[in-house]
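Hi everyone, thanks for making time this morning. Let me put the structure up on the screen, and then I'll walk you through it.

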Amino acid sequence: MASKKFENLMQDFKVDKKTNSEIINKRRVINGEDDGLMQVSPLKHPFADEIFKTMLHNNWVPQEVYMGKDLEMWKDPKILTENERRVFERSLAFVSNLDGIQTDNITSNILRQITSPEITLALIRQAYEEALHVHSYSTMVEALELDPEEIYGMYRRDQGLYEKNQYVLKSLSKISGDKFKTGTFENDQAFLEACVSNIILEGIYFYSAFMIFYTLKRNNKMPGSAEMIQFINRDEDLHLRLFIKIVNEIKKEQPELWTEDFKQIALQNIIGAVEHEVGWGKSCINEGILGLNHNNLEQYIRFVADMRLLAIGMKPHYNVTNPFPWIENFTQGAMTEVNFFEGTVREYATGTLQW
Ligand SMILES: [Fe+2]
Ligand SMILES: [Fe+2]
């Protein structure tokens, strides 16, 4: 589909009396006026510029992470139990599926509808980072000499994983397809629902999988993998923040979309995601690994879901505390910091994990 953005430029020249300020004042996340020429100064959505600049500080490549110790541990039958290996492989399969889905979703579905150039810049950087994450998982598969068929093909053999991926795609697919365009009430709500699904993807599914790698590291197992995940987690924090800001900004710009019915849909999508995640998590850990059991796993996922509800102005649904406060050591407080989503983004040091 040809981009609507350049429509004005495709007509014969005539002097346009509009000023830049007028154009920028009318700028919106979706359905705004956008000539496609990426005028990002001054800004209408400064949060996107702030996030973009922080993303630029977060340069890293998976080759920086030393995986030699992990290979030794993986090969040593005394270090990891069969169950731990299984959990590791299943978590890796799922995060690699998620980043694959997200790379395509950002480039094919989301970016096409955005009419704010500064948000476009941040999303393009996000797409690059998702591609980097895809590459990170393949680096892990190769470094640990895993069978790629085992990891990448798992969703074709494992019904739980297949259905979880299917659930992730459910509301994203409502805005996919060349013909989809925002501009009607129904389509704008579909887009907003997909943005909430991005929060679910970035902020619930990933966090649950990351916790598995941190649990292993906390028990001195697979430290390189946990470091890789920390780099990825640092990126995902910003993706999560970006989509929370996008949802809250669309709510401000088009408050008519945020109906009681819509809030119910958003809540049900989050509850459904929690149920899928809990079911999957329980089947992954079996009888439990390293202090992780069915109860605290479920409580953790519910806690994370409440954080996401709060961030988009909804009431917490589960009202539970974080059963793994130690996780803060890995995420630098991103999980529970009260003003994380409204405050200024942290200054990150280039290429290091000293956040
Ligand atoms: Fe990612
Ligand atoms: Fe992401």
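Predicted model: local features only at pLDDT ≥ 70, side-chain atom pairs only at ≥ 80, totals over all residues.

If you read from the N terminus on, the elements simply go α-α-α-α-α-α-α-α-α-α-α-α-α.

Now the overall dimensions. Along the principal axes, the C-alpha atoms fill a box of roughly 75 × 40 × 40 Å. The radius of gyration is 21 Å, which agrees with the value near 20 Å that a compact globule of 355 residues would have. Buried residues make up 42% of the 355. As for contacts, take those between residues at least 6 apart in sequence: 76% of them join residues at least 24 apart.

Let's go inside. The largest nonpolar core has 86 residues, and Ile-204, Tyr-205 and Val-247 touch the most other members. Which elements give two or more residues to this core? They are α2 (46-57), α4 (82-110), α5 (117-143), α8 (159-172), α9 (185-218), α10, α11 (260-285) and α12 (294-311). The most comes from α9, with 19 residues.

Leaving out residues up to four places away in sequence, Tyr-205 touches Leu-98, Val-168, Ile-200, Ala-273 and Glu-277.

One last stop: Lys-245, in helix α10, residues 223-253. Is Lys-245 buried or exposed? Buried, because 21 other C-beta atoms lie within 10 Å, and the cut-off for buried is 20 or more. From the C-alpha atom of Lys-245 to that of Leu-172 the separation is 18 Å, and the two residues are 73 apart along the chain.

That's my tour, and I'm happy to take questions!

Methods. Residues numbered from 1 in each chain as written. Chains lettered and ligands numbered in written order. Helix = DSSP H or I, 4+ residues; strand = E, 2+ residues; numbered from the N terminus. Rg over C-alpha atoms; globule rule 2.2 N^0.38 Å. Buried ≥ 20, exposed ≤ 12 C-beta atoms within 10 Å, placed from the backbone. Contact = placed C-beta atoms within 7 Å. Core = buried A, V, L, I, M, F, W, Y, C linked by C-beta atoms within 7 Å.
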